[in-house]
Amino acid sequence: MGASLSRTEHQFQDLADRSGFTVEQIKNLHARFQHLSGNQETISRENLENIPALANNPIKKQIIQAFFDKRNQHQGDVGSLQEIGFEQFIMVMSHFRPPTLRTTEEEREAMRREKLRFLFNMHDTDNDGTITLAEYRKVVEELLSKSGSIGEETVKAIADAAMLEVASTNVPHMAPDDFYEGITFEHFEEILKGLEMETRMHIRFLDMDTTMRCGKATS
């Protein structure tokens, strides 16, 4: 029993060192993981579907998919997983880690870039490094899906106009017949350079809701 406890504590400390969470936060997240998985070793998309805080989130599908996106595992891989274990869960959750009073400016900037990359990956659904017009239309459609008075053509027009504005900002000398391939991560950073990301995209550790606020971060 003692050896098992020691091994668990060692694993928690290792995850804390790698993720930036405290050991206490790792323990809280482990309790949440156990609750979601039904005390199993892995969780699936279906497990995350049951989180009440995500029930009415317009980008619920993208948030859930982000947990199974290898790009969010800090390992440089691409592709999608069917299930994830606790370690992978922690690596994804680390994107929501807020800064502390001891966070340096350099660390804060790295944290901001990491959060932006996470959000970019959520919208770059085909992993090609660009958010295309088709992908952006889908995001806008889902964000506006709760409003029954907005039709498909209106959604398309909103997405197209927004993308055209982005194109005019990032490629100001485009000819009228030029095709804008889409938003690169560098463009994405520029678009959101004035948005304070470090504290807006976070979770609550001390309750069992573990609420994720991606929707606010992308509004």
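Let's start with a word we'll need: a residue is buried when its relative accessible area is under 20%, exposed when over 50%, and partly exposed in between, using a 1.4 Å probe and protein chains only. What you're looking at is a predicted model, so local features need pLDDT of at least 70 and side-chain atom pairs count only at pLDDT 80 or more, while totals for chains, interfaces and linings use all residues. Residues are numbered from 1 along each chain as its sequence is written, and side-chain values use heavy atoms, with hydrogens and water left out.

Now for the layout. The protein has 10 helices and 4 strands; these are DSSP runs numbered from the N terminus, with helices being H or I of at least four residues and strands E of at least two. Of its 219 residues, 40% count as buried.

Next comes the nonpolar core, meaning a set of buried Ala, Val, Leu, Ile, Met, Phe, Trp, Tyr and Cys residues joined through side-chain atoms within 4.5 Å. The largest one has 39 residues, and Ile26, Leu48, Phe67, Phe86, Phe89, Ile90 and Phe188 touch the most other members. Helix 5 gives the most to this core, with 6 residues. Take Phe89: leaving aside neighbours within four places in sequence, Phe89 is in contact (heavy atoms within 4.5 Å) with Leu29, Phe33, Leu36, Ile43, Phe67 and Ile84.

What about charges? There are 7 salt bridges in the whole structure, each a side-chain nitrogen of Lys or Arg within 4 Å of a carboxyl oxygen of Asp or Glu. Glu49 sits in the loop between helix 3 (45-48) and helix 4, Lys60 in helix 4 itself, 11 residues apart. Lys60 counts as buried because its relative accessibility is 18%, whereas Glu49, at 42%, is partly exposed.

Another salt bridge joins Glu9 and Lys27, with the closest N and O atoms 3.6 Å apart. Here Glu9 belongs to helix 1 and Lys27 to helix 2, 18 residues apart. Finally, Asp14 and Arg18 pair up at 3.4 Å, N to O. They are 4 residues apart in helix 1, so about one helical turn separates them.
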